[in-house]
Amino acid sequence: MIISEQKSREELLESIEDKNRLFLVGCAACATACKSGGEEEVFRMQEWLISVGREVTGSVIIDEACHIMRAGRDLRRHRDQVEEADALLVMTCGAGIQSISSSSEKRVIGALDTLFLGNIRRLGQYEEKCSLCGECILNETAGICPVTNCAKGLLNGPCGGMEEGKCEANREIDCAWSLIFDRLEKQQRRGVFARRVPPKNWGKTGKPGRHKIR
Ligand code: SF4
Ligand code: SF4
């Protein structure tokens with residue numbers, strides 16, 4: 001899930017400084033799950049906007065705002081309310097914001113900061129486990145990602161700073177490579193330690209990513 005959080009009200013106020021009428025857009029997927037841009041948050045945003053003297057012309061919660069066609073379709077369904085607005089205030093991740101900006105000529109203002117691809121520990125508690133590097137080595141690292149979980153993103157075992165299984169960058173946190181080693185040992189495998197891993201081919205994450213599933 002894409003983890004996002006709302007920008008501060010001060011920052012939002014600056015962004016809407018010269019905008020009096022706003023149309024609100026939320027997302028029923030990730031932004032709803034992490035309580036940054038679901039129905040409830042859109043409603044609260046509306047209340048806040050009214051309290052600071054703005055008019056809300058309408059709102060929509062798109063099923064998945066990152067779905068470009070769906071975003072365009074939902075905006076067309078609210079054409080009049082969108083037209084009345086000076087700007088669209090979009091409470092989705094950056095991908096959703098760009099679905100909206102590619103579907104409307106209106107000024108689009110993002111109300112959220114997009115943080116990372118997150119695993120859910122429990123509601124409101126998320127952990128970054130994968131950095132979408134495009135060349136996954138989990139099969140050789142006992143299912144623990146060193147690219148994301150090692151503070152230095154090391155690919156060939158721990159740095160010299162590891163101490164009693166804890167990370168040099170934060171002694172409260174387990175060293176990813178210590179975890180990988182222990183788990184491989186339990187599985188009686190050598191995994192990634194059987195070879196020298198070449199430097200990561202970051203070209204695989206070339207931006208902007210485009211992918212077609214055949
Ligand atoms: S190696 Fe790590 S960052 Fe790369 S795809 Fe696998 S889990 Fe994600
Ligand atoms: S101590 Fe371990 S997790 Fe921390 S930076 Fe070094 S190798 Fe990475």
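Helices (H or I, at least four residues) and strands (E, at least two) are DSSP runs, numbered from the N terminus. The model is predicted, and local features need pLDDT of at least 70, side-chain atom pairs count only at pLDDT 80 or more, while totals for chains, interfaces and linings use all residues. Residues are numbered from 1 along each chain as its sequence is written, and chains are lettered from A and ligands numbered from 1 in the order in which they are written.

**Stop 1: helix α8**

Select residues 176–186, which form helix α8. Ala 176, Trp 177, Ile 180, Phe 181 and Leu 184 are buried there (a residue is buried if 20 or more other C-beta atoms lie within 10 Å of its own, exposed if 12 or fewer, and partly exposed in between, with C-beta atoms placed from the backbone). These five lie on the same side of α8 because they cover an arc of only 135 degrees around the axis; the arc is that of the directions from the helix axis to the C-beta atoms. The cover over the buried residues of α8 includes α7 (146–149), where contact means that the C-beta atoms of two residues, placed from the backbone, lie within 7 Å. After α8 comes Gln 188, with a positive phi near 50 degrees.

**Stop 2: helix α3**

Go to residues 39–51, helix α3. Its 13 residues reach 19 Å from the first C-alpha to the last, close to the 18 Å expected at 1.5 Å a residue. That expected span is 1.5 Å times one less than the number of residues in the helix.

Colour Glu 41, Val 42, Met 45 and Leu 49, the buried residues of α3. They cover an arc of only 100 degrees around the axis, so they sit on the same side of α3. Among the elements covering them are β2 (21–27), β3 (55–62) and β4 (87–91). Turn to the face of α3 away from the buried side: Glu 39, Glu 40, Arg 44, Glu 47, Ile 50 and Ser 51 are exposed there. Gly 53 follows α3 and has a positive phi, near 85 degrees.

**Stop 3: the nonpolar cores**

A nonpolar core is a set of buried Ala, Val, Leu, Ile, Met, Phe, Trp, Tyr and Cys residues joined through C-beta atoms within 7 Å. The largest one here has 31 residues. Select Leu 24, Val 25, Ala 31, Leu 88, Val 90 and Met 91, which have the most contacts inside it. Two or more residues each come from β1 (2–6), β2, α2 (30–33), α3, β3, α4 (68–77), β4 and α6 (94–101). The largest share, five residues, is from β2.

Centre the view on Leu 24. Neighbours within four places in sequence aside, Leu 24 is in contact with Val 42, Met 45, Gln 46, Val 56, Ser 59, Leu 89 and Met 91.

**Stop 4: helix α4**

Ala 71, Asp 74 and Leu 75 are the buried residues of α4. Because they cover an arc of only 100 degrees around the axis, they are on the same side of α4. Their cover includes β3, α5 (79–84) and α6. On the other side of α4, the exposed residues are Met 69, Arg 73, Arg 76 and Arg 77.

Pick Arg 77, which has 11 other C-beta atoms within 10 Å. Between Arg 77 and Val 60 there are 9.5 Å in space, C-alpha to C-alpha, and the two are 17 residues apart in sequence.

**Stop 5: the ligands**

Select ligand 1 and the residues around it: Cys 130, Ser 131, Leu 132, Cys 133, Cys 136, Ile 137, Leu 138, Cys 145, Val 147 and Thr 148. A residue is near a molecule if its C-beta atom, placed from the backbone, lies within 6 Å of it. This shell has eight nonpolar residues, two polar and no charged. Ala, Val, Leu, Ile, Met, Phe, Trp, Tyr, Cys and Pro count as nonpolar, Asp, Glu, Lys and Arg as charged, and the others, Gly among them, as polar.

Move to ligand 2, which has 14 residues around it. Cys 150, Cys 159, Met 162, Cys 167 and Cys 175 come nearest. The shell of ligand 2 divides into eleven nonpolar, one polar and two charged.

**Stop 6: two loop residues**

Most residues other than glycine have a negative phi. Select Ala 142, in the loop between β7 (125–128) and α7. Its phi is positive, near 55 degrees, and Ala 142 is partly exposed, with 18 other C-beta atoms within 10 Å. End at Glu 164, in the loop between α7 and α8. The phi of Glu 164 is also positive, near 45 degrees, and Glu 164 counts as exposed, with 7 C-beta neighbours inside 10 Å.
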